[in-house]
Amino acid sequence: MEISSALIQKYFKDLSEDQIAKFDQLFDLYSFWNAQINVISRKDIEELYERHILHSLGIAKFCTFKPGEKVLDVGTGGGFPGIPLAILFPETEFHLVDSIGKKIKVVTEVAAALGLKNVKASHLRAEQVDDKYDFVVSRAVTRLIDFYPWIKDKFNKNSKNAISNGILYLKGGELAEEIQESRLKAELYPLSAYFEEDFFETKFVVYIPC
């Protein structure tokens, strides 16, 4: 069975031929790199488009990044959610950081193979980043109470978007206790409102204005 980006095209109807070609390339690229450096669970690789790429693009169903905006992806691992978002928003700048060097190697190689000019990858902890961004994205790196101090001073003061600058965090499960513990003003947007696959029933975009 050929694995392609048909699932992505199902939910994102306005992709260019170049974007479709890039999404199609992701399976072979991640299969190759994952065999050498494990960035995705080996049993998950055939679910790449649903559990990693479409999941990452859940952020895009809530927020459309603007040309010239800057987005920081903290704890990107092999490039999620940053790489799929960078394909979708080619005029937005993405900075993908991870504290594990071999994961950043995968990000660098995948971005280079795709010719993504809007992606910068750095082997850094979030606290070491000294730039300012419009949005910080991440995929369930840690509990919000621990995550927020890493990035609380990383935001541009002026917002260019329809929503205020802030955190767009992909997380699943029961989140009420974690949000209460963090004392952050968080809004939950269920991905099941956008995607019909069972995987998304308990998945959310957590939006926290900065």
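Is K154 buried or exposed? K154 counts as buried, because its relative accessibility is 4%; buried means under 20% relative accessible area, exposed over 50%, and partly exposed in between (1.4 Å probe, protein chains only).

The model is predicted: local features need pLDDT of at least 70, side-chain atom pairs count only at pLDDT 80 or more, and totals for chains, interfaces and linings use all residues. Residues are numbered from 1 along each chain as its sequence is written, and side-chain values use heavy atoms, with hydrogens and water left out.

**View 1. The surroundings of K154.** K154 sits in the loop between α6 (144-151) and β5 (166-172). Helices (H or I, at least four residues) and strands (E, at least two) are DSSP runs, numbered from the N terminus. Beyond residues up to four places away in sequence, K154 touches A126, E127, V129, D131, K132 and Y133. Contact here means heavy atoms within 4.5 Å. A polar atom of the K154 side chain lies 3.0 Å from the backbone oxygen of V129. The K154 side chain also makes a polar contact with the side chain of D153 (3.4 Å). A polar contact is a pair of N or O atoms within 3.5 Å; within protein, one must be able to donate a hydrogen and the other to accept it, and residues adjacent in sequence count only if both atoms are side-chain atoms.

**View 2. D131 and its contacts with K70 and K154.** D131 belongs to the loop between β3 (119-123) and β4 (135-139). Its relative accessible area is 29%, so D131 is partly exposed. D131 and K154 are 23 residues apart along the chain, yet their C-alpha atoms are separated by 6.5 Å. The side chains of D131 and K70 make a polar contact (2.7 Å).

**View 3. The crossing of α2 and α3.** The axes of α2 (residues 17-36) and α3 (residues 48-62) come within 11 Å and cross at roughly 125 degrees. Axes are lines fitted to C-alpha atoms, for helices over the stretch in contact, and angles run from 0 to 180 degrees between N-to-C directions. From α2, the contact residues are F23, D24, Q25, L26, F27 and Y30; from α3, they are L48, Y49, I53 and L57.

**View 4. The backbone at P81 and R183.** The peptide bond from F80 to P81 is cis, with omega near 10 degrees. P81 lies in the loop between β1 (70-74) and α4 (82-88). R183 is in the loop between α7 (176-182) and β6 (187-190). Phi of R183 is near 60 degrees, a positive value in a residue other than glycine. R183 counts as exposed, because its relative accessibility is 78%.

How values were computed. A crossing is left-handed if the near helix is turned anticlockwise from the far one by less than a right angle, and right-handed if clockwise.
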